[in-house]
Protein chains: 2
Amino acid sequence: MISTRLTRLLDIQHPIISAPMASAAGGALAAAVSNAGGLGLIGGAYPNPDWIEQEFGAAGNAPVGCGFITWNLAEALQRQPDILDAVLARSPKALFLSFGDPAPYAPKIHEAGSVLICQVQNMDHAKQALDAGAQVIVAQGAEAGGHGRRRATMTLVPEVADHLAAHAPDVVLCAAGGIADGRGLAAALMLGAEGVVVGSRLWASQEALVHPNMHQAALAAGGDDTIRSSVMDIARKLNWPDGYTARVLKNAFTDKWHGDLPGLLADAEAESARWMAAWQSGDTTTANTFVGEVAGLINDIQPAAAIIENMVAEAEGRLQVYA
Amino acid sequence: MISTRLTRLLDIQHPIISAPMASAAGGALAAAVSNAGGLGLIGGAYPNPDWIEQEFGAAGNAPVGCGFITWNLAEALQRQPDILDAVLARSPKALFLSFGDPAPYAPKIHEAGSVLICQVQNMDHAKQALDAGAQVIVAQGAEAGGHGRRRATMTLVPEVADHLAAHAPDVVLCAAGGIADGRGLAAALMLGAEGVVVGSRLWASQEALVHPNMHQAALAAGGDDTIRSSVMDIARKLNWPDGYTARVLKNAFTDKWHGDLPGLLADAEAESARWMAAWQSGDTTTANTFVGEVAGLINDIQPAAAIIENMVAEAEGRLQVYA
């Protein structure tokens with residue numbers, strides 16, 4: 001048992017939160033993680049209210065939470081003003097916000113009694129999250145799969161830890177990015193985190209909503225086969241703010257366009273259609289597989305519960321080695 | 001006492017090696033680190049035989065080693081064929097090679113009885129180092145100060161560890177990049193490393209050969225104030241191979257040229273002269289301060305021995321917390 005302020009705050013058994021990965025983190029994965037003793041989050045990114053309802057349904061009675069892409073939530077609320085209210089009406093255990101200023105949404109989340117978890121990618125974000133009243137701050141490094149920025153987990157976590165110790169000692173810190181097994185969990189604890197957010201390793205689970213071809217591509221890949229790029233966002237016509245890129249497996253699409261964004265933009269309609277069709281069909285040479293540098297540490301697609309159990313057992317073992 | 005295969009192989013007290021930082025890691029720093037129980041390395045990069053001789057002299061009788069930039073050593077040997085022999089004649093405890101294929105130099109180093117330490121930045125490099133007969137492999141992440149590539153310490157260390165476990169179980173693994181205190185040392189051990197290579201934190205020591213203005217700039221900076229770039233290498237007319245960049249503090253020079261390398265190349269003579277003059281005078285708005293993302297974790301310039309002692313004591317404490 002690894003008991004931390006995170007496990008006590010959330011009343012969970014293991015200090016592990018599943019990342020609310022867009023499209024991949026549905027109710028089945030979130031429920032499996034919560035039922036295994038962690039906190040599972042439904043990926044409300046690019047929110048589609050019907051999908052979110054469906055996935056909360058799929059989670060059944062498991063105590064799960066939900067995550068949003070903050071800048072995108074602002075756009076979504078223009079079209080569907082009740083999208084956040086509908087999620088909060090489900091009494092989610094936690095609301096996870098990343099990639100934008102959480103301040104506009106924090107009061108409503110606090111009022112609903114959900115724990116506000118804010119993921120940050122640099123020190124300015126961390127201060128913004130504290131100003132908004134985050135109860136948990138997740139320091140996310142660039143080795144993570146999917147969206148993020150440039151700082152590494154190894155340095156961002158202790159730098160945020162020092163800031164919290166000086167300015168907000170009651171706020172709980174988690175680490176994200178590069179954590180796929182018990183070694184990563186134990187390392188994150190040593191850096192000063194009291195929990196971890198796991199994306200790629202739980203993306204590579206049986207419960208994740210991922211095309212089997214993408215799972216296979218990740219199993220065949222190593223950490224050197226990933227790249228941070230914007231070409232997928234251009235292909236998907238997503239207006240990510242400056243400074244954010246996503247880590248994916250390199251493929252023919254990134255080989256062609258990563259170094260030629262103007263060329264891609266000039267041919268955006270056709271290339272977007274081609275990428276989206278490949279995403280649907282699981283053609284991983286054109287559509288990109290969203291997985292982090294830990295691709296090199298993932299060798300099988302397991303049930304989420306086994307992943308959590310193995311991670312905790314391995315971390316407990318590592319933490320004894322030098323004690 | 002943190003005893004590992006590294007401390008036993010090198011017969012040292014603490015699993016800490018000082019990075020052979022070009023120009024900053026002279027004999028005084030190397031000796032201080034070795035005398036404090038680690039292994040100190042003189043920075044033989046861009047080798048100047050007179051400087052190396054002088055710094056071995058400054059190290060006195062302390063058992064130190066020496067490091068080279070591998071691709072640059074090849075060029076230097078064209079001009080000064082005895083540069084490696086002269087260092088090996090000093091019976092250095094270890095020879096540290098990074099940034100290039102170590103194979104051409106490995107036999108001579110083994111013959112001299114020095115431990116061959118190879119720093120690697122990706123899996124291909126790791127396999128190359130094993131082929132050359134490296135006894136210690138250092139997995140270096142991109143959060144490091146100075147030169148490197150793109151992988152993060154958090155994922156590269158366990159991925160190399162898995163490779164060594166399967167293919168070269170006698171080779172000892174160290175971590176570099178993002179390690180500035182006991183938290184980083186403890187985290188590296190959890191990831192599977194049996195020692196660490198510390199650059200920036202020992203660069204910020206009283207014994208390092210660093211302009212005081214650069215120390216002050218690093219103390220004032222956080223991790224978000226660094227950038228990986230090539231502009232300093234263009235300014236210094238160094239022919240670093242593709243794929244390598246150096247992490248430094250952002251300043252007016254990187255602001256101006258990082259996004260406009262063709263512009264810098266077009267004005268290379270004048271800009272090079274300006275940068276080199278600024279380096280000499282300690283003008284940190286033009287010359288760049290070579291420090292890693294751990295700039296945000298460094299708050300003082302201490303004697304190297306105090307840095308090592310604090311790092312070990314803090315790591316020992318962290319390693320008890322969850323045991």
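This is a predicted model: local features need pLDDT of at least 70, side-chain atom pairs count only at pLDDT 80 or more; totals for chains, interfaces and linings use all residues.
## Domains of chain A

The domain assignment divides chain A into domain 1, which comprises 5-207 + 303-321, and domain 2, which comprises 212-293. Taken over C-alpha atoms, the centres of domain 1 of chain A and domain 2 of chain A are separated by 24 Å. The contact between these domains draws on 21 residues from domain 1 of chain A and on 22 residues from domain 2 of chain A.

## The contact between the domains

Between them, domain 1 of chain A and domain 2 of chain A bury about 1,700 Å², and 59% of this area lies on carbon and sulfur atoms. On the side of domain 1 of chain A, the residues that lose the most area to domain 2 of chain A are Trp71(A), His147(A) and Trp203(A), which together account for 39% of what that side buries.

Three elements of chain A, namely α4 (70-79), β7 (146-148) and α10 (200-203), each supply at least two residues of the side of domain 1 of chain A that touches domain 2 of chain A. Of the elements, β7(A) gives the most to this side, with three residues. By class, the residues of the side of domain 1 of chain A that touches domain 2 of chain A divide into eight nonpolar, ten polar and three charged.

## Relation between the two chains

Chain A is superposed on chain B by a rotation of 180 degrees with 0.0 Å of shift along its axis, at an RMSD of 0.0 Å. The two copies are thus related as by a two-fold rotation axis. Within chain A, the C-alpha nearest the axis belongs to Ala187(A) and lies 2.0 Å from it.

Of the interface residues of chain A, 100% are also interface residues in chain B, so the copies meet through the same surface. The contact takes 43 residues from chain A and 43 residues from chain B.

## The interface of chain A and chain B

The area buried between chain A and chain B is about 3,400 Å², with carbon and sulfur atoms giving 57% of it. In chain A, the residues that lose the most area to chain B are Met154(A), Met190(A) and Tyr322(A), together 25% of what that side buries. Across the interface of chain A and chain B the rule finds 20 residue pairs in polar contact, both at pLDDT 80 or more. The elements of chain A that give two or more residues to the side touching chain B are α7 (123-132), α8 (153-167), α9 (182-191) and α16 (304-321), and α9(A) gives the most to that side, with eight residues. The side of chain A that touches chain B has 19 nonpolar, 13 polar and eleven charged residues.

## Salt bridges

Across the interface of chain A and chain B the rule finds six salt bridges, while the structure holds 28 salt bridges over all chains. Glu293(B) lies in the loop between α15 (268-281) and α16 (304-321) of chain B, and Arg151(A) lies in the loop between β7 and α8 of chain A, so the pair joins two chains. In this salt bridge between Glu293(B) and Arg151(A), the closest N and O atoms are 3.1 Å apart.

Methods
Residues are numbered from 1 along each chain as its sequence is written. Chains are lettered from A and ligands numbered from 1 in the order in which they are written. Side-chain values use heavy atoms; hydrogens and water are left out. Domain bounds come from an automatic or database domain assignment. Contact means heavy atoms within 4.5 Å. Buried area is the accessible area (1.4 Å probe) that two parts lose on being put together, summed over both. Helices (H or I, at least four residues) and strands (E, at least two) are DSSP runs, numbered from the N terminus. Ala, Val, Leu, Ile, Met, Phe, Trp, Tyr, Cys and Pro count as nonpolar, Asp, Glu, Lys and Arg as charged, and the others, Gly among them, as polar. Copies are superposed by least squares on the C-alpha atoms of residues with pLDDT of at least 70 in both. A salt bridge is a side-chain nitrogen of Lys or Arg within 4 Å of a carboxyl oxygen of Asp or Glu. A polar contact is a pair of N or O atoms within 3.5 Å; within protein, one must be able to donate a hydrogen and the other to accept it, and residues adjacent in sequence count only if both atoms are side-chain atoms.
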